[in-house]
Amino acid sequence: MDEQGVKVKNPWHRPVVIFLAAVIIVGIIIMVAISVVQNKPLHQKYKYGIVLDAGSSHTSVFIYEWPAEKENNTGMVRQKHTCNVQGKGISSYSANPQGAGASLQECMEEAKQKIPAHRHPETPVYLGATAGMRLLRMENEEASDKVLDSVAHSLKSYPFSYQGARIISGQEEGAFGWITVNYLSKNLRKPTGTLGALDLGGASTQITFVPQQNIESYDNSIDFRLYGNDYHLYTHSFLCYGKDQALKLSMGKKLESTLKADETDPIELRDPCFHPGYNFTRTVPNVFNTPCMKEMKLANETFFHVGLGNWSQCQQSIRKVFNTINCPYSRCSFNGVFQPSVYGDFGAFSAFFFVMDFLNLTSDTLATTKQKLAAYCSTPWKKIVENHPNIKEKYLSEYCFSATYILTLLEDGYKFTSNNWKDIRFIKKIGDSDAGWTLGYMLNLTNMIPAEAPDTPLMPYGGYVTFMFLFSLLILVLLLLVYFYFRRSTRTGQKDII
Ligand SMILES: Nc1ccn([C@@H]2O[C@H](COP(=O)(O)OP(=O)(O)O)[C@@H](O)[C@H]2O)c(=O)n1
Ligand SMILES: [Ca+2]
């Protein structure tokens, strides 16, 4: 047989290979394209929720938004808008309840503008009132009911889904503040490392954290199961220990001792918590018009409120509003309230932030904070006014007291020390959203934090697409390598034969 005549059949004949390669490439492109389109979130749809924070000093309206299909994922809800209601808090309308509802008008109209009209009917609106209304309820329950009826009536007149207007408890206020800061800092999907919450209002203050010790009092303990993790929280709300009520308590005590010691007329209240040169005439009932104190007999007396500007004396006077004598537990903060040792990092927000931020005291050691504050308090009132011409004198005059109160509350009350002072972060916002109880309240009422962890995709969407693309590329490269390998060996085979 003639060997020259043998025809070797080449399985990798060129047109066939080109055709196959083209089919594979087109196949891969189609696969990637389909996976991209299939998994791409459809046009993002947002849902909305409105919470009104009816605080003792003022009311704020918070609008939240979140992508509709991701509502059970942590960190998806963000604050879209806030509106500050003009005027004082709703509890100040006790003599004119209609005014409370009417005061919400402007901000609720703004909410109508901010939220797309087709979403209005499904947008829940909640109003939670805090310590100002708790105090009004103690003083005059009928008046507090009328104020709540008035705001409820007003909120029902908007096209949203009205879900209620109520006075929330101190425990709720503390616990929802804790949920907010931990939701926003995305701590809730991790088993450890939560952030404690410190909230200072005008009429109450809250402390909430995961303690290391046993919680000895039932009232201070709250359990949550969130995203598959169990949390055992310590929380306490001190009614009358917000900064505005604490100022009244402290001035009330000073007035009492002044009146006992000195019956002269007019009375002069020499106050170390106000700047030297500060001198205002006040009335006694204006200090005692709160259920936080027993009224004094000299109801119509006026007095001169005179500043001394002495920080350490101011701190001494503030210590008198904390009762540290009786503690029926193994340890207490004050007023016989159980408190385990503070543990972990804390977010301190609301007036904790406003006051410390105004005085530039958010990032110093405890010793430096005290030094700076002492210098600030002893600055003459005239100079303080000159330095801050645009701030209302009432607010400006109270920063020395407020900051001294904050230090005393944190150190003597809650037992923070110079060692763990750095663990307190004075914060206003986390990301776009304000720290406060409102977000946690809404997440809870809309069931947006599931007890068990929701199923999550193996990898995030971007990672998935990249993976599909790189994996397809790898297959392509391998196919090409195989092709070239076979082509070479076929050629070599042909040569050998030749
Ligand atoms: N920019 C601001 C806003 C509020 N604040 C104070 O922060 C406190 C807020 O308390 P709040 O109205 O929420 O009262 P609570 O009902 O929480 O006790 C008040 O004492 C306000 O005067 C401030 O110091 N600076
Ligand atoms: Ca508040």
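Residues are numbered from 1 along each chain as its sequence is written, and chains are lettered from A and ligands numbered from 1 in the order in which they are written. As the model is predicted, local features need pLDDT of at least 70 and side-chain atom pairs count only at pLDDT 80 or more, while totals for chains, interfaces and linings use all residues.

Helices (H or I, at least four residues) and strands (E, at least two) are DSSP runs, numbered from the N terminus. Two strands are taken to pair if DSSP finds at least two bridges between them. An open sheet of five strands shows mixed pairing and the order β3-β2-β1-β4-β5. Its edge strands, β3 (78-84) and β5 (161-167), each pair on one side only. From one strand to the next, the twist averages 15°; axes are lines fitted to C-alpha atoms, for helices over the stretch in contact, and angles run from 0 to 180 degrees between N-to-C directions. Within this sheet, strand β1 (residues 46-54) and strand β4 (residues 124-129) run parallel and are joined by five bridges, with Leu 52 opposite Leu 127 in β4. Helix α5 (residues 141-156) packs on the sheet, where it touches β4 and β5, and its direction makes about 165° with that of β5. Contact between two residues requires that their C-beta atoms, placed from the backbone, lie within 7 Å.

Strand β6 (residues 196-200) pairs with strand β13 (residues 346-350) in the parallel sense over five bridges, and Ala 348 of β13 is the bridge partner of Leu 198. β6 is also joined to strand β7 (residues 204-209) by four bridges, in an antiparallel arrangement, and a hairpin of three residues connects β6 to β7. In β7, Gln 206 is the bridge partner of Asp 199, and Thr 205 stands opposite Leu 200. β7 in turn pairs with strand β9 (residues 229-239) in the antiparallel sense over six bridges, with Phe 209 opposite Tyr 234 in β9.

A residue is counted as buried if 20 or more other C-beta atoms lie within 10 Å of its own, exposed if 12 or fewer, and partly exposed in between, with C-beta atoms placed from the backbone. Five of the five residues of β6 are buried, so this strand is largely enclosed by the rest of the structure. In a regular strand the side chains alternate between the two faces of the sheet. Both faces of β6 are covered, with Gly 196, Leu 198 and Leu 200 buried on one side and Ala 197 and Asp 199 on the other. For β7, six of the six residues are buried, so β7 is likewise largely enclosed by the rest of the structure. Ser 204, Gln 206 and Thr 208 point one way from β7, Thr 205, Ile 207 and Phe 209 point the other way, and all are buried.

The axes of helix α11 (residues 366-377) and helix α13 (residues 393-413) come within 10 Å and cross at roughly 155°. α11 is therefore roughly antiparallel to α13 (under 35 degrees counts as roughly parallel, over 145 as roughly antiparallel, 65 to 115 as roughly perpendicular and the rest as oblique). Thr 369, Lys 370, Leu 373, Tyr 376 and Cys 377 of α11 make the contact with Cys 400, Ala 403, Thr 404 and Leu 407 of α13.
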